[in-house]
Structures are given as C-alpha cells and as structure tokens.
Amino acid sequence: MDVRQQIRQVLSLASSDARQLHARHVNPTFIEALDLLGFGRDFVRAEGLSLWDEEGREVLDFLAGYGAVSLGHNHPEVRAAIEEVLQARPPHFLLVAPQRLAAELARCLAGIAPGDLDLCTFGSSGSEAVESALKLARAATRRRRFVSAERSYHGTTLGALSVTGSIRHRAPFEPLLEGCVTVPFGDAPALERELKRRDVAAVVLEPMQGEGGMHPAPPGYLADAARLCRRYGALLVLDEIQTGLGRCGRLFLCEEEAVEPDVLLLAKGLSGGLAPISVMITRRRLWERAYGTLQRYDLHCTTFGGGPVACAAALATLEVIRRDGLVQAAAAAGEHLRDRLRAATAGHRLVREVRGRGLLWGIELDAPGGAVAADLAGQWLVIGLLERGILTQVCADATGVVRVQPPLTVTRDAIDRFAEALRGTLADHAAGRWSTVAAAASRAVKTTLARALPHGASHDIRASKRVAPPQSGGD
C-alpha cells in the first residue's frame, strides 16, 4: 500500500476502530479513562479555534493542547514555513555542522528574552528543557541541591520529576534525584531557609502554577526569589513553558515584576502547535562555566534538538505573535475572558474561586466529600461544557479546578460562546454542590455501563475511585 494511501485510510477510520487501534498498541488504560470520564468523541479535523468530530459537530477548543496550540490549529503561516523547509531539502539532524535555522531561532529568542539571556539549548519537550536547566545548574555552580515549590509541575522525566511537587506523579518512580526539596509556593522565608545552606544549585519555579491549580505567584514573590538567589549564589530557573510567549498577556509572565532569571524555559506554544520543540535560554557566562571547554562542550546534547522543521515552525510562530500583536491581543482578550468568567460564575455555590492571568485561568469548584467529589465535580463541568460545544479539561494535580486556556487567537465572540456554555452548565445544578456530585457520579456509572456491558466487559463499576484525567500538559 502506498504510504499516502495508508495515511488517508487511517485518518478516515471510524471512531470505534481508531479507539480500538490505540488501545491495542498505544495505551489501553487511556481509552478506558476516556470512556469512564465521558470523552466519547473522536475529533477528525481542526482549524483555528474549531475542532470537528466524525459527525461534523463543531467544538471550540479552550484547551489548546494544554497551551501547545498557541496560534490555533493548523495555522497557515506555520504550515507554510514547514513546507518551505521541506521544499528546500536541507540536511536534518546533521550534528557535525552548524544548524542554520537553529542559530537563527536562537538569535530571535535572545532578542526577546528578558535581561542578557542569549544562549539557547534546544530540545523536543518541556521535560528536556528542565533537564537541560538542572544539568547546567549543577555544572555551573558545582552544587547538588535543588529547591522547587509544592504543587509544582515540571515534567515527567526522572530529573524533572525530582523538582516536581506532585506526589501522584513522583511516587511510582521514587527514589528520584537526591537533594531535591520543595517549599510552599509564595513563601519567601521558607525559600531563604533552604538557600542559607549555600549548597543549592538552582531554584526552579513557575511564575504561575498550572497543573497545581492555576495559582499565580503572590505579588513580590518572584522578585524576592531572584534577590535571594543572587544573595546565596543559586541560579533562578523560571519555567515559562505554560505561561510564556504571550499566554498571560505579557511576552513572559516574569516581566510582570521585571524579574530577569538566570535560566528561562520555553516549549509548548513555541511552534504554534505543529512541531515539538523546547528551549533553555541562559547567560553566556553560565553556559561557558558549565560547558565552555573542548572537553565539556558536548556533554549535554540531543539528536533532535534544533531540527529544521521545528525551528521553522517556531520562527513563523514568533513572527505571527509579533506581527499580529498577539501579546497585546491576549491581554485584551484576557480581560474580557476574566470578566465573562466572573459574571458566569458569580454567586454559584459550586464555584469557590476564579483565578489566572491573560488567557490562562482556573475555575476552582467547591465540592464536598474530598478528593473523589472534586474529581467528579470537575469532570462534570468539563463534560457539560463539551456537550455545549466547548473543549476544556481539569488540572492534572488539582482535579477540582477546570482550566480555561484558549489559543492566543481567540475572539471575543468565542469567549462569549464559552461563557454562555459555562453559565448553562452551572445552571443545571444551581441548587447546590451535592446535586452536582451526585449527577457526576451517576454520569460515570452510566457511561461505564453503556460502554462495558454491550461488549461483555467487566461489571466492576469504578466511578467511586479516583481516575486521573487524560493529560498532556506540563511536559
């Protein structure tokens, strides 16, 4: 079979066949989780803010690949940049010569990064960027310890997990790196107690915690962290993988307090949603201290870092963000989103708090009954929104918080549609919190029965157990 014919055939598979294929050869429990949580749709086409399922139903994407689809789906100029590279037929992954597009992308990033960050190390995922930062910090400072925040999320590789505050993600893989401690997010005195030992290589922080429940740093905290790191000789690593490149209404969220980190991490939206790429940006003197000899210059490298397709996509993304004023647009759209979120949730007993920045928000639900009830309430709201044509998801480590994360290209009309869907979903259970938990539990049981019983599957209904939502975020 011609490979193009094979691709067309696979892309046109019926939803049931696609799910069966995925379960057989990729991740069977992922498909089981989708079924249990009510994600029964299979999306077959995407453009801009819209997804379409195999029945032609449109859904507005307010998840945006957990922030990776920053310009909306299949942005034409990013596609054109990739096609330009493929037409030019440059060498790919040729590691014995300069990588021209990687060098140009690094030049562009150095031009927009805060402070004097001017040297880039490329990878394919956010986890790789975090690994790059940890290795740089140890090599440059000759120290071993790392400090990060409770509730933080920095990726899924062993090093990145070691500075991640999520117990659920860490526990199955322990012991991790020695010398990694967490302190409460926003607690500068706790941070200083660790730094006073003068053995900390780096402090790793998110300017706004994403998977931990959409918590912006308290006012002054990042500036305090930068000052303390300078005083005690540690590097400040800011993970802007979710918050950077306009997502929060500024090019980088650390600009809110004029903080200039020693290391800045980007990924997700850097390619506009069409190719995997990440980057660690640091100061030349730090890189040279770590790797600046003929014996050490290649100690940290990756085969796929700085590939021409990914770099072309990233260059196009940066240009679209600049040319179309998407940082300013995200700030304005974010204000509208904030106002509509607060209006739609005002006075509802299920909603505890709405918080965020720009186009990155969380709706925290107040469900009685502990973790299981929080799971159910969060998933109830997510599925209610999906039924009304809006895709979103809960946070990985705060499943009672629904994330709202549309592309930077979102329109006011789309935000208004989202707000009406949110209002309508919440109105279904305006009577109170317990009715929502009961409705969510009933949905989980019915979904499991509907999918399991006709096929002779087990009658073990596990709706009362915690089920992790499908996640691709934070990597």
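This is a predicted model: local features need pLDDT of at least 70, side-chain atom pairs count only at pLDDT 80 or more; totals for chains, interfaces and linings use all residues.
**Stop 1: a cis peptide bond**

Start by selecting E174 and P175. The peptide bond that leads from E174 to P175 is cis, and its omega is near 5 degrees.

**Stop 2: two residues with positive phi**

Next, select R89, in the loop between helix 4 (76–88) and helix 5 (100–112). R89 is not a glycine, yet its phi is positive, at about 55 degrees. Is R89 buried or exposed? Its relative accessibility is 73%, so R89 counts as exposed.

Now go to L245, which sits in the loop between strand 10 (235–239) and strand 11 (263–266). L245 also is not a glycine and has a positive phi, of about 60 degrees.

**Stop 3**

From L245, follow the chain to strand 11, at 263–266. Show its side chains. V263 and L265 are on one side, L264 and L266 are on the other, and all are buried, leaving both faces of the strand covered.

Which way do the neighbours of strand 11 run? Strand 10 pairs with strand 11 in the parallel sense, over three bridges. Strand 12 (residues 278–282) pairs with strand 11 in the antiparallel sense, over four bridges. If you display backbone hydrogen bonds, keep in mind that strands of a sheet pair through them, either parallel or antiparallel.

L238 stands opposite L264, and L264 in turn stands opposite I281 in strand 12.

**Stop 4**

Move on to the open sheet of four strands, whose order is 13-14-17-16 with antiparallel pairing. Its edge strands are strand 13 (351–357) and strand 16 (393–395), each of which pairs on one side only. Look along the sheet to see the twist, which averages 35 degrees from one strand to the next.

Select strand 16 together with strand 17 (residues 398–404): these two run antiparallel and are joined by three bridges. Within this pairing, Q393 stands opposite R403 in strand 17.

**Stop 5: the helix across the sheet**

Which strands does helix 13 lie across? They are strand 13, strand 14 (360–365) and strand 17. Helix 13 runs at about 10 degrees to strand 14.

Technical notes: Residues are numbered from 1 along each chain as its sequence is written. Side-chain values use heavy atoms; hydrogens and water are left out. Buried means under 20% relative accessible area, exposed over 50%, partly exposed in between (1.4 Å probe, protein chains only). Two strands pair if DSSP finds at least two bridges between them. Axes are lines fitted to C-alpha atoms, for helices over the stretch in contact, and angles run from 0 to 180 degrees between N-to-C directions. Contact means heavy atoms within 4.5 Å.
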